[in-house]
Amino acid sequence: MKKIINDPAKVVEESLRGLAAAHADILRVDPDPAVVVRADAPVAGKVAIVSGGGSGHEPLHGGFVGRGMLDAAVPGPVFTSPTPDAVQAAVTATTGEAGALLIVKNYTGDVLNFETAAELAAAEDLDVRSVVIDDDVAVKDSTYTAGRRGVGGTVLLEKILGAAAERGDTLDAVEALARKVIGQVRSIGVALSAPTVPHVGEPSFDLGEDEVEFGIGIHGEPGRERIPAEPADALVARMVEAVVTDLPFAEGDRVLLFTNSMGGTPLVELYLAHGIAERLLAGRGIVVERRLVGPYITSLEMQGMSLTVLKLDDELRELWDAPVRTAALRWGI
């Protein structure tokens with residue numbers, strides 16, 4: 001295993017130290033338990049938006065802390081859920097009378113630990129609620145989950161809810177908006193190679209030179225099927241078909257298309273795939289109004305990609321376009 005690390009047990013701690021040094025104007029890292037917090041938190045009168053999960057998916061979630069997105073992110077060990085006390089610390093650092101909404105990806109550990117933290121916060125008379133995102137169309141149940149996994153749609157949800165909270169929406173309104181977004185976003189991922197968790201030291205699974213795992217999870221969980229490698233046109237068409245037929249999306253729908261690298265796929269390949277996906281959606285009469293392309297929810301160095309499609313309306317488009325200033329997403333400020 002060759003990685004730019006020191007002690008595998010301290011990878012997350014040292015990475016967070018670097019994140020804080022690079023973006024001190026945007027965020028801070030509170031130690032023990034480690035929490036990434038917006039630099040000006042708590043923001044008076046504003047609903048706090050808090051998310052988190054296992055590390056190894058950067059820039060998710062710490063890279064999305066800042067104005068117009070998350071108030072705090074809770075990083076667990078690599079591919080491991082953060083503990084309830086860490087989530088509680090994030091809530092305490094950011095939450096005032098307006099309350100907080102926790103964004104939870106549908107993995108068993110995340111759901112249990114965030115729910116426990118919400119109960120602890122309630123004991124402190126804080127109004128804290130949670131929503132679970134489960135946008136992965138690949139499987140109904142898998143390792144880590146009961147039901148569909150939370151994947152690329154998490155990035156879009158965090159941006160949209162962050163904008164709503166920034167403009168002053170109430171907790172009731174932000175929670176209702178979250179459920180709306182979750183209801184109309186879908187994703188699928190593929191892997192060409194496996195990631196290597198630092199403390200394990202070997203690839204998470206075996207994949208032949210001419211094989212692709214279709215429907216992979218962000219921790220390297222099995223997908224829908226293992227297929228022979230095929231040209232980009234055929235692979236992206238397979239992915240678009242899986243996503244579009246699940247909601248289903250229909251002719252005339254306006255959408256945001258998010259083409260994501262799993263960490264090891266270069267942009268030259270990612271833009272190639274994005275162009276194919278745009279053409280395929282246009283061929284179905286689906287209008288791509290907004291786009292995001294890049295490595296925004298990764299799986300260490302896994303080669304692969306995911307496609308996420310969110311059905312838009314005027315409000316969602318306005319919230320997506322709203323100003324944001326984080327380590328990983330910045331526009332309008």
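Phenylalanine 258 and tyrosine 296 are both buried. The model in which they are seen is a predicted one. The points below take up the aromatic contacts, then the cavities, then the pockets.

**Aromatic contacts**

- The count of aromatic pairs comes to three.
- The ring centres of phenylalanine 258 and tyrosine 296 lie 6.1 Å apart with their planes at 55°, so this pair is tilted.
- Phenylalanine 258 belongs to strand E10 (residues 254-261), while tyrosine 296 is in the loop between strand E11 (287-294) and strand E12 (304-311), so the pair ties together parts that are 38 residues apart in sequence.
- A tilted pair is also formed by tryptophan 320 and tryptophan 331, at 5.4 Å centre to centre and 55° between the planes.
- This tryptophan pair links distant parts of the chain, with tryptophan 320 in helix H8 (residues 314-321) and tryptophan 331 in strand E14 (residues 330-331), eleven residues apart.
- Tryptophan 320 has a relative accessible area of 3% and is therefore buried, the limit being under 20%.
- One aromatic cluster consists of Phe64, Phe258 and Tyr296.
- Arginine 238 places its charged end over the ring of phenylalanine 214, at 5.9 Å from the ring centre.

**Cavities**

- There are two cavities of 30 Å³ or more.
- The largest cavity holds about 60 Å³ of space.
- Residues lining the largest cavity are Asp136, Val151, Gly152, Ile188, Gly189, Ile216, Ile218, Asn260, Met262, Ile297 and Ser306.
- By class, the lining of the largest cavity comprises six nonpolar, four polar and one charged residues.
- The second largest cavity has a volume of about 30 Å³, and its lining is made up of Val104, Val111, Phe114, Glu115, Ser130 and Val132.
- At least two residues of the lining of the second largest cavity come from each of helix H3 (108-123) and strand E6 (128-133), and H3 gives the most, with three residues.
- Four nonpolar, one polar and one charged residues make up the lining of the second largest cavity.

- The largest pocket contains about 490 Å³ of space.
- Its lining has 26 residues, of which Ser15, Ser55, Gly56, Glu58 and Leu300 are the closest to the centre of the largest pocket.
- Helix H1 (11-22), strand E3 (48-55) and strand E4 (72-78) each contribute at least two residues to the lining of the largest pocket, and H1 gives the most, with five residues.
- The lining of the largest pocket divides into 13 nonpolar, ten polar and three charged residues.
- The second largest pocket contains about 420 Å³ of space.
- Of the 24 residues that line the second largest pocket, Val12, Glu13, Leu16, Ala34 and Pro75 lie nearest its centre.
- H1, strand E1 (27-30) and E4 are the elements that give two or more residues to the lining of the second largest pocket, and the largest share, five residues, comes from H1.
- The lining of the second largest pocket has 15 nonpolar, four polar and five charged residues.

Key. Residues are numbered from 1 along each chain as its sequence is written. This is a predicted model: local features need pLDDT of at least 70, side-chain atom pairs count only at pLDDT 80 or more; totals for chains, interfaces and linings use all residues. Side-chain values use heavy atoms; hydrogens and water are left out. Rings of Phe, Tyr and Trp (its six-membered ring) pair if their centres lie within 6.5 Å; planes under 30 degrees apart count as stacked, over 60 as edge-to-face and the rest as tilted. Helices (H or I, at least four residues) and strands (E, at least two) are DSSP runs, numbered from the N terminus. Buried means under 20% relative accessible area, exposed over 50%, partly exposed in between (1.4 Å probe, protein chains only). A charge sits over a ring if NZ of Lys or CZ of Arg is within 6 Å of the ring centre and within 35 degrees of the ring normal. On a 1 Å grid over the protein atoms alone, a cavity is a set of points where a 1.4 Å probe fits but cannot get out, and a pocket is an open set with protein on both sides within 12 Å along at least five of seven lines; lining residues have an atom within 4 Å of a point. Grid points are joined across faces, edges and corners, and a volume is the space filled by probe spheres set on the points. Ala, Val, Leu, Ile, Met, Phe, Trp, Tyr, Cys and Pro count as nonpolar, Asp, Glu, Lys and Arg as charged, and the others, Gly among them, as polar.
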